[in-house]
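Grab the viewer and follow along.

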Amino acid sequence: MPRFIIEGGNRLSGEVEIQGAKNSVLPVLAATVLCDGECVIHNCPNISDVDTSIKILTYLGCECTHIGDTVTVDSSNMKNYNIPDDLMREMRSSVVFLGGILGRMRKAVISSPGGCELGPRPIDLHLSALEKLGCEVDEDHGLLYCTAYDGLKGCEINLSFPSVGSTENIILAAATANGTTVIHNAAKEPEISDLADFLNSAGARIYGCGSDTVIIHGVTRLGAVEHSIIPDRICAVTYMAAAAVTGGKITLKNTMPSHLVSVISVFREAGCKVVPMGRNILFEAPEKLQRVPTVRTLVYPGFPTDAGPLLITMLALSNGTSVFVENIFENRFKYIDELKRFGAKIKTEGRVAIIEGTDGFSAAPCECTDLRGGAALVIAALAANGITKIDKIYHIKRGYEDLPYVLNKLGADIYEEE
């Protein structure tokens, strides 16, 4: 099994091009099953979750090609409506195919999705919303049989929590439903707006994305479309944190600073210089990172839960004590035991982490527990004195495109070995 070997202590500098957003490309790929004709999607990151999505589309009967950062999908001959268990287990986001398959085939069969184990992320919100749209759901031997033989019908849906996945699945199912669907307490993430932009370009009528009320007027047909995925805001945070812990100075290209407002304010509070310039961000680390008294994760536009591990790693090298409160996932701190191997001083109690800053890290063998926790270990290794070996890097490959290549261009010393 491959692992990363990282020699720490190098100051990062230079330019980094931010890849397309993982959390945007996956629902957009799922949306292609609703379209008649060939969809061309640019700025797709070369990550394992995209590979899994393409496997699912191919199994469903779609014709797919992936060349460079462009994925082409033609769903004209789609024939299957089920997703094999092994593909469902590869990534949590596979559940987002449910709404599109239902909208296209009026039936779908899936099992429970896999992905990072961050605590309970039940799909009951997805299923209850689809039931309101006219879908019947039956469970048998671990499989969910979803049917809407009379077609899906628009309705009003009040989400008890602004779930990103549920909002996306409702949008996909409602795009070609009969009538109008209104989602109250919808998630506001930029990736949802990107999905709506893709669908609207194909002929959908979706309004209000970015607010807590989304309106979808169902249409009878969606056509072929060409679309470019938005930049990955969590990747941008990753490289900023890596520069911060190494005393670096970098330019992030192909970003959308408006998607990073809550994060930029925290980096500035830690003493970093962050200067948005159009679609670029100039980032410079301070001589010594400052403590940030309290950070709380919230749904967008609040501080993103995915950026938590990256920030905690940075604060572990600050000049004081910081408090981090995780409000989204109850089991997000698995990686912290691995981070302590580097010498990080972190205490956790429930959803709260108390981070006591230290002067430096020492290299240590460790293994990834999840995607963003794995990225946090890479950041720690870049700052550590000595050579670190990181195992189970398949977690990292789910969301980062050729991480060693990108970091080495910035001056790091990292490579992958079997």
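Which residue forms a salt bridge with E367? The partner is K392, and the closest N and O atoms are 3.3 Å apart. A salt bridge here is a side-chain nitrogen of Lys or Arg within 4 Å of a carboxyl oxygen of Asp or Glu. E367 sits in strand β21 (residues 366–367) and K392 in the loop between β22 (387–391) and α13 (394–397), so the bridge ties together parts that are 25 residues apart in sequence. E367 is partly exposed at 33% relative accessibility, and K392 is partly exposed too, at 30%. (Buried means under 20% relative accessible area, exposed over 50%, and partly exposed in between, with a 1.4 Å probe and protein chains only.)

A quick word on the ground rules. This is a predicted model, so local features need pLDDT of at least 70 and side-chain atom pairs count only at pLDDT 80 or more, while totals for chains, interfaces and linings use all residues. Residues are numbered from 1 along each chain as its sequence is written, and side-chain values use heavy atoms, with hydrogens and water left out.

**Salt bridges**

By that rule there are 15 salt bridges. The table has three of them.

| Pair | N to O distance | Residues apart in sequence |
|---|---|---|
| R3 and E417 | 2.8 Å | 414 residues |
| E367 and K392 | 3.3 Å | 25 residues |

Take R3 and E417, which form a salt bridge. R3 belongs to strand β1 (residues 3–7) and E417 to strand β23 (residues 413–417), so this pair ties together parts that are 414 residues apart in sequence. Helices (H or I, at least four residues) and strands (E, at least two) are DSSP runs, numbered from the N terminus. R3 is partly exposed at 22%, and E417 is partly exposed at 24%.

**Aromatic pairs**

There are 3 aromatic pairs. For the rule: rings of Phe, Tyr and Trp (its six-membered ring) pair if their centres lie within 6.5 Å, and planes under 30 degrees apart count as stacked, over 60 as edge-to-face and the rest as tilted.

One of them is F267 with F283, edge-to-face at 5.6 Å centre to centre and 90 degrees between the planes. F267 comes from helix α9 (residues 261–269) and F283 from strand β16 (residues 280–284), so the contact ties together parts that are 16 residues apart in sequence. F267 is buried at 1% relative accessibility, and F283 is buried at 1% as well.

Another is F303 with F324: the centres are 6.2 Å apart and the planes at 80 degrees, so this pair is edge-to-face. F303 lies in the loop between β17 (294–296) and α10 (308–315) and F324 in strand β18 (residues 321–325), so parts that are 21 residues apart in sequence are tied together. F303 is buried at 5%, and F324 is buried at 1%.

**Around α9**

Back to the helix that holds F267. Its buried residues are S262, V263, I264, V266 and F267. What covers the buried residues of α9 includes α8 (233–245), β15 (273–277), β16, β17 and α10, where contact means heavy atoms within 4.5 Å. After α9 comes G271, whose phi is positive, near 100 degrees.

**The sheet**

What is the order of the 4 strands in the open sheet? They run β17-β18-β20-β19, with mixed pairing. Two strands pair if DSSP finds at least two bridges between them. The edge strands are β17 and β19 (345–349), each pairing on one side only. From one strand to the next, the twist averages 15 degrees.

β19 pairs with strand β20 (residues 352–356) in the antiparallel sense, over 5 bridges. To find this pairing on screen, look for I346, whose bridge partner in β20 is I355.

Finally, α10 lies across β17, β18, β19 and β20, running at about 170 degrees to β18. Axes are lines fitted to C-alpha atoms, for helices over the stretch in contact, and angles run from 0 to 180 degrees between N-to-C directions.
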